[in-house]
Amino acid sequence: MVTVERDSTTRADRLLRAARPRGITPTRGYRVFQGVNAVILTAVVVVTLYPFVNIVARSFSDQTEIIAGRVNLWPRGFNLTAYRLVMSDPMFWTNYRNTVVYTVVATAIAMVLTVCYAYVLSKPHVRGRPVLVGMAVVTMVFPPGLIPQYVLVTSLGLKNTIWAIVLPGAINVFNLLVMKSFFESLPVELEEAAAVDGLNTYGVLLRIVLPLSKAMVATMVLFYAVSFWNSWFTAFLYIDRLDLFPVTVYLRNLIAGATGAGNMGGTSDAVQSAATLQAVTIVLTVLPILFVYPFIQRYFVSGVMLGAVKG
Amino acid sequence: MSTTLDRPRASADGTAAPARARRARGPTWRRAIRRDWQLYSLAVVPLLFFVVFRYVPMLGNVIAFRRFRPGGSIFGEYWVGLRYVKMFLADPTFWHVFTNTLVIGTLTLVFTFPLPIALALLLNEVRTRAVKRFVQSVSYLPHFLSIVIVAAMVMQLLSVDGSVNQLVRAAGGEAIPFLQRPEWFRSIYVSSEVWQTVGWGTILYLAALTTIDENLYEAARIDGANRWRQTWHVTLPGIRPTMVTLLILNIGTFMTVGFEKILLLYNPLTYPTADVISTYLFRMGFESSSFSYAAAIGLFEALIGVTLILTANAISRRTVGTSLW
């Protein structure tokens, strides 16, 4: 009996990654655990936040201080030269504007398609519904493949247009299923009453269902907007004109120059002077996300939960 | 509209003959369309999207077995059989990147699957609500960042003048160009993956934890179980369905690993450990323009991925009764 207890304790121990002495009265042991837990969680917070603090510190620091390896939590040799440099680069602003445009257009299209399809799927009486659901779900299990997708987008003549970024990701099946299960949870009576009052399907969707789904629609908009805002690979793949890049690709080319991995190249001198520029670009790119984060976070959490319950 | 509806109509007419009886199995197709045509019309554009951007590329995988000419048909020119398959099976680099994929995939799974569970259990023990919420908010944050930003941060932290090397120097060591060293790549990749995903990964576990019946804990306490045994015998079984579901999902992404992040972080110096199937096929396709060869590799990768997820799902249905679908 004692061995069993010890055994299970050690296993739980390992799982929790919290050292805890054995054979101490529960209350004291629990207090020790709370202390250890506080230390671990503090460490989690510090480790999560440190990179952000470090980047901000570097972005305001003097080049020589960075190269000397003296910048950690606080800027050294405070100056705004790098900010001035990046912000005076017209290409940076062009690409930033592109990100905004791509995000808005892509999110709008994605929302229209997702809402329409989810609404159809949410109606149990629709004939052929299993086929319609299957059409979407299959694509989750069998991804289309990078090369064929590229060949298709190219042959459609979408390269170097906004559509190459917007269209291939227009419906996210996970979001679609979340939206569908939300529509299914709405009371049918309201829609039936509206139909009796003479509204057609489009009217019911626009004037009854969508107003009832405001919170859910907002969540979906955020899901799509954040993913389009953050995306870089589609643009990297399908766009090779500097003035059409989103800001994520701008940043990518900056860091690719630093490792010599990308096609931008760059001498080691240029790399060194790029250190602050990179930090500044990261800060300016991440700023909008950090700014809206406190407001959008809980919508995301509720969206994920809803998806998990029914998805 | 008629084209998208052709297939289901044909199959339904063939199989669902008894549905002719009124009210037996819903209306026939003709009546369904007459009644629901407005609904169906909403599905037309989304279906077009799925067909064009998902199913056509899926069929486009045939170029793995066909000669492909850039600018020619997206389905290739003529059949070449298994030429490209044989080619990559005989390609030592392919087996090299295959091994790398397995290693990085396994390491990622080993760390990013259990750590969110541990963090969720720890968070669950926090009694002060404000503290709990603060830690949660902070730990979710990296999830909202673009991979490019994460990669850029990794590079800044690990650069020769970065914080990590300052620690190394403070400990009396020599600065290490981490991203140039193949032996460091896996650690870097997995740590940054943990940094980005662990916090967000706790959400579903925390939700599952709140659904565990309080009476179970009380019963366990009456039976003399201390907190550890309560955790072991009540909490963990309580979140087991969530664990299994997420494990299956993790296994499903096993083969693709963090393609975008590796693409951003690796360089020719770290290829020996960093190059995985997806990055290799990316270079084959876009740097060497061997589209068919790359498509063959991609198809192989996808098949393994599908097999893995179906197997994991079948096993979990047999053993613990949890299944994705």
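**Note on the domain and chain contacts**

1. In this predicted model, eight residues of domain 1 of chain A are in contact with eight residues of domain 2 of chain A. Domain 1 of chain A spans 2-79, and domain 2 of chain A spans 90-310.

2. On the side of domain 1 of chain A that touches domain 2 of chain A, the elements giving two or more residues are α2 and α3 (63-67) of chain A, and α2(A) supplies the largest share, namely four residues. Sorted by class, this side of domain 1 of chain A has four nonpolar, three polar and one charged residues.

3. Turning to the contact of the two chains, 82 residues come from chain A and 80 residues from chain B. Helix α2 (residues 26-59) of chain A gives the most to the side of chain A that touches chain B, contributing 13 residues. That side of chain A comprises 55 nonpolar, 22 polar and five charged residues.

4. One helix pair of the two chains can be described in detail: helix α7 (residues 146-155) of chain A and helix α16 (residues 291-319) of chain B have axes that come within 8 Å and cross at roughly 135 degrees, which means that α7(A) is oblique to α16(B). From α7(A), the contact is made by A:Leu146, A:Ile147, A:Pro148 and A:Val151, while α16(B) brings B:Phe291, B:Ala294, B:Ala295 and B:Gly298. By class, the residues in the contact of α7(A) with α16(B) are seven nonpolar, one polar and no charged.

Notes: Residues are numbered from 1 along each chain as its sequence is written. Chains are lettered from A and ligands numbered from 1 in the order in which they are written. This is a predicted model: local features need pLDDT of at least 70, side-chain atom pairs count only at pLDDT 80 or more; totals for chains, interfaces and linings use all residues. Two residues are in contact if their C-beta atoms, placed from the backbone, lie within 7 Å. Ala, Val, Leu, Ile, Met, Phe, Trp, Tyr, Cys and Pro count as nonpolar, Asp, Glu, Lys and Arg as charged, and the others, Gly among them, as polar. Axes are lines fitted to C-alpha atoms, for helices over the stretch in contact, and angles run from 0 to 180 degrees between N-to-C directions. Angles under 35 degrees count as roughly parallel, over 145 as roughly antiparallel, 65 to 115 as roughly perpendicular and the rest as oblique. Domain bounds come from an automatic or database domain assignment.
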